[in-house]
Amino acid sequence: MAIRNLELGIWNRRFHIPNPAFLIALALSASCAPAGAANSTLTAIDGIRVGHDTLAERPTGCTVVLFDGAALAAGVSQRGSAPGTRDADQLQPTSAVDRVNAIVLSGGSAFGLDTANGVMRWVDEHATDSRRPPSGGPGVPRGVDVPIVASAVLIDLWVGGKPSIRPDADCGYRAAGAATTAPVQEGSVGAGAGATVGKILGRERAMKGGLGSAAITLPNGLRVAAIVAVNPLGDVIDPSNGTVVAGARNDNGSLADVRKLLRSGAALQRTSADDNTTIAVVATNARLTKADASRVATMADDGIARTIAPAHTTADGDTVFAVATGGWSGTTDVTTVGALAADVLADAIVRAVRSATSVAGIPAVRDLKR
Amino acid sequence: MRYCSAMKPVALAAACVAAAAIGLAAQSSARASSGITAVDGIKVGHYTLAERPTGCTVVVVDGDAVGGVSQRGGAPGTRETDLLNPLNMVDKVNAIVLAGGSAFGLEAATGTVRWLEERNIGWQAGPSRVPIVPAAILFDLGVGGNPKIRPTADCGYKAADAATTGAVPEGSVGAGAGATVGKFAGAGRSTKSGIGTASIALPSGLVVGAVVAVNAVGDIIDPATGKVVAGVRNPDGTFADARKLLRAGGSAQSRAGENTTIGVVATNARLSKALAARMALMADDGYARAIAPSHTNADGDTIFSLATGRWSGNADITVIGALAAEAVADAIVRAATQATSVAGIPAARDLRK
């Protein structure tokens with residue numbers, strides 16, 4: 001729990017500066033704490049590695065989550081109206097395959113689904129006994145190992161350069177090769193490199209989104225963690241106090257608060273699907289059935305509802321994957337895991353915009369506050 | 001008055017007083033409702049049983065409306081929700097029933113169907129008109145009396161007959177009569193909840209309203225402040241905050257099926273069946289924002305949408321869906337703030353005294 005408190009104290013809310021206690025703790029953790037002790041990101045869960053690949057040519061990229069081990073029940077909640085996904089149907093509880101080797105989050109709109117090809121190649125080349133892809137399935141001869149790689153994309157084609165530059169199979173391959181158990185790098189990287197938020201008053205009023213990750217560990221050893229690339233039409237809200245963290249800006253640069261705009265009937269500039277989508281992976285070390293993993297995905301999606309306003313619009317392809325590694329042998333219930341998944345995804349979304357840096361002239365929260 | 005309805009309950013009284021002071025409230029609107037009945041074509045009736053705190057609430061459409069549903073809780077009790085799938089044919093709804101009584105309460109819809117049939121209202125099927133009445137129930141069998149007392153067809157008939165376009169009574173009535181919240185640490189620490197309603201009217205004429213019977217395992221949160229409005233109680237009458245209990249390692253004490261939040265959102269906009277489904281899906285975000293945790297395996301959370309098409313203006317579905325989520329969250333907070341104590345279960349308004 002100390003890790004948790006530490007994380008909550010990163011920012012001094014009143015003065016909008018890093019909390020001095022956090023900086024001291026950070027220095028201590030970097031110098032003498034065992035590796036992983038201060039990890040409050042998705043890789044705090046055993047058996048999970050994360051890698052980013054960010055393109056140099058344009059702010060876009062992909063993020064790969066690799067799963068080691070066998071007990072990997074997975075589910076998905078797909079509630080945005082403009083999704084780009086791959087192998088999401090396979091995660092339905094009524095579908096046969098009940099494991100997943102990797103999940104790819106990518107920029108580049110539907111073109112970015114190409115990244116999963118590179119991840120499949122990487123998993124195929126690196127298959128080991130401890131990371132053996134599930135075998136076959138109906139119609140596939142026994143002995144053929146098919147890497148199971150689910151994927152979702154966000155659209156960032158308009159940000160900072162030529163739209164024809166987008167993540168491809170090599171991006172996915174490199175991100176898989178770069179995956180480590182180190183704390184996840186957050187901000188304007190990987191699938192969050194070109195992510196933006198608050199586009200309801202137009203692109204020129206948007207702020208920088210990004211990639212965030214968070215983890216919650218209970219005293220009994222249960223862990224629930226999330227990683228998310230935050231690129232919604234809507235604003236990002238801190239659910240602990242209802243305030244806007246990042247979103248559509250007024251002429252003077254202040255935050256407009258889309259909730260107030262909507263209730264006033266103000267004319268909105270952009271509600272098309274050209275610019276948006278939030279995509280996430282939540283994971284737990286609990287042992288869950290495939291149906292329970294779907295329930296966790298459904299409940300985790302409440303984290304998007306609480307931190308993004310509006311969420312799940314026709315202009316967003318919001319998608320949340322849930323994975324249970326089964327590495328923890330304790331007992332819990334799916335309501336607890338799902339509720340924590342919603343909380344930790346909300347945390348990760350707020351972290352994504354707080355850790356983002358300005359890109360291509362689109363300001364980030366941390367830059368506005370300087 | 002109707003602009004007052006778009007505000008948070010806390011701000012409501014002050015804002016309405018202020019409006020009265022400058023004479024705005026003097027305008028006599030034919031539609032005084034600040035709830036879902038502000039939507040043209042929507043009537044609401046409650047029936048509350050005398051024998052035990054339970055009952056039903058019927059939303060009656062004047063004619064018909066396009067409908068949709070979002071069913072995300074893990075322990076639902078529903079009727080005619082498959083019909084609302086956009087892939088399926090029937091695209092008209094005549095009434096929606098919300099009832100207590102767990103799955104037994106689905107019988108209430110039978111009475112509403114009878115009431116509609118007597119008025120020759122329904123989907124034309126050969127020689128017959130078949131009333132289309134989706135329904136969802138919540139579990140209140142453990143509250144205040146003999147659990148064998150539950151809403152029957154008679155309840156659904158009487159609630160439909162009582163439906164009006166007037167202001168909707170809120171609190172411990174109708175489907176909310178036996179509703180409670182904050183059962184994460186067991187029923188003994190729960191707080192009384194009920195049914196609430198809210199609406200938002202834009203200057204363009206678009207109206208979105210909601211009515212919700214709130215019986216969640218989770219706490220009720222005011223999304224404007226992040227604070228608990230009603231939920232798990234401490235011995236001193238303060239709220240423990242289920243979110244904190246959860247993060248501290250507490251696990252849910254409530255059993256599956258003993259909870260559930262059910263509601264209806266309605267708009268006067270004209271929507272296709274697919275867009276009505278999208279409206280329901282987005283409205284469901286109001287549950288996520290105002291209930292923590294929500295959509296659990298111990299809740300049968302379900303929300304229906306209705307588009308009456310009485311307003312000829314154009315509105316983006318993203319706007320309608322976003323306002324639907326806001327109205328649902330408002331209605332949930334009102335359900336908790338308007339409830340009165342029942343059967344020894346204190347309501348938030350009594351705890352504050």
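**Figure 1. Secondary-structure elements of both chains contribute to the lining of the second largest pocket.** In this predicted model, β5 (73-78) of chain A, together with β2 (55-71) and α5 (273-283) of chain B, each supply at least two residues of the lining of the second largest pocket. Helices (H or I, at least four residues) and strands (E, at least two) are DSSP runs, numbered from the N terminus. The lining comprises 16 residues, of which Gln78(A), Ser70(B), Gln71(B), Arg72(B) and Leu281(B) lie nearest the pocket centre. By class, the lining residues divide into 6 nonpolar, 7 polar and 3 charged; Ala, Val, Leu, Ile, Met, Phe, Trp, Tyr, Cys and Pro count as nonpolar, Asp, Glu, Lys and Arg as charged, and the others, Gly among them, as polar. The space in the second largest pocket amounts to about 450 Å³. On a 1 Å grid over the protein atoms alone, a pocket is an open set of points where a 1.4 Å probe fits, with protein on both sides within 12 Å along at least five of seven lines, and lining residues have an atom within 4 Å of a point. Grid points are joined across faces, edges and corners, and a volume is the space filled by probe spheres set on the points.

Residues are numbered from 1 along each chain as its sequence is written, and chains are lettered from A and ligands numbered from 1 in the order in which they are written. This is a predicted model in which local features need pLDDT of at least 70, side-chain atom pairs count only at pLDDT 80 or more, and totals for chains, interfaces and linings use all residues, while side-chain values use heavy atoms, with hydrogens and water left out.

**Figure 2. Arg263(A) and Glu326(B) form a salt bridge.** The N to O distance between the two side chains is 2.8 Å. Arg263(A) belongs to helix α5 (residues 258-264) of chain A and Glu326(B) to helix α7 (residues 317-338) of chain B, so the pair joins two chains. Arg263(A) and Glu326(B) are both buried, where buried means under 20% relative accessible area, exposed over 50%, and partly exposed in between (1.4 Å probe, protein chains only). A network of salt bridges links Arg263(A), Glu326(B) and Asp330(B). A salt bridge is a side-chain nitrogen of Lys or Arg within 4 Å of a carboxyl oxygen of Asp or Glu, and by this rule the count over all chains comes to 24.

**Figure 3. Asp53(A) and Arg174(A) form a salt bridge within chain A.** The closest N and O atoms are 2.9 Å apart. This pair links distant parts of the chain, 121 residues apart: Asp53(A) is in strand β3 (residues 48-54) and Arg174(A) in helix α4 (residues 169-178), both of chain A. Asp53(A) is buried at a relative accessible area of 12%, whereas Arg174(A) is partly exposed at 41%.

**Figure 4. Helix α2 (residues 108-118) of chain B has buried residues, including Trp115(B).** The side chains of Glu118(B) and Arg119(B) meet in a salt bridge (3.5 Å, N to O). Glu118(B) is partly exposed at 47% relative accessibility, and Arg119(B) is partly exposed at 36%. Asn120(B), which follows α2(B), has a positive phi, near 60 degrees.

**Figure 5. Strands β10 (residues 195-201) and β11 (residues 207-213) of chain B pair in the antiparallel sense.** The pairing extends over 7 bridges; two strands pair if DSSP finds at least two bridges between them. Ala201(B) has Val207(B) of β11(B) as its bridge partner. The two strands form a hairpin with 5 residues between them, and Gly205(B) in the turn has a positive phi of about 105 degrees. In β10(B), 7 of 7 residues are buried. Ile195(B), Thr197(B), Ser199(B) and Ala201(B) point one way from β10(B), and Gly196(B), Ala198(B) and Ile200(B) point the other way.

**Figure 6. An open sheet of 3 strands in chain A has the order β14-β13-β16.** The pairing is antiparallel. β14 (243-246) and β16 (308-309) stand at the edges, each with a single partner strand, so one side of each is left without a neighbour in the sheet. Strand β13 (residues 235-238) pairs with β16(A) over 2 bridges, and Val236(A) has Ile308(A) as its bridge partner.
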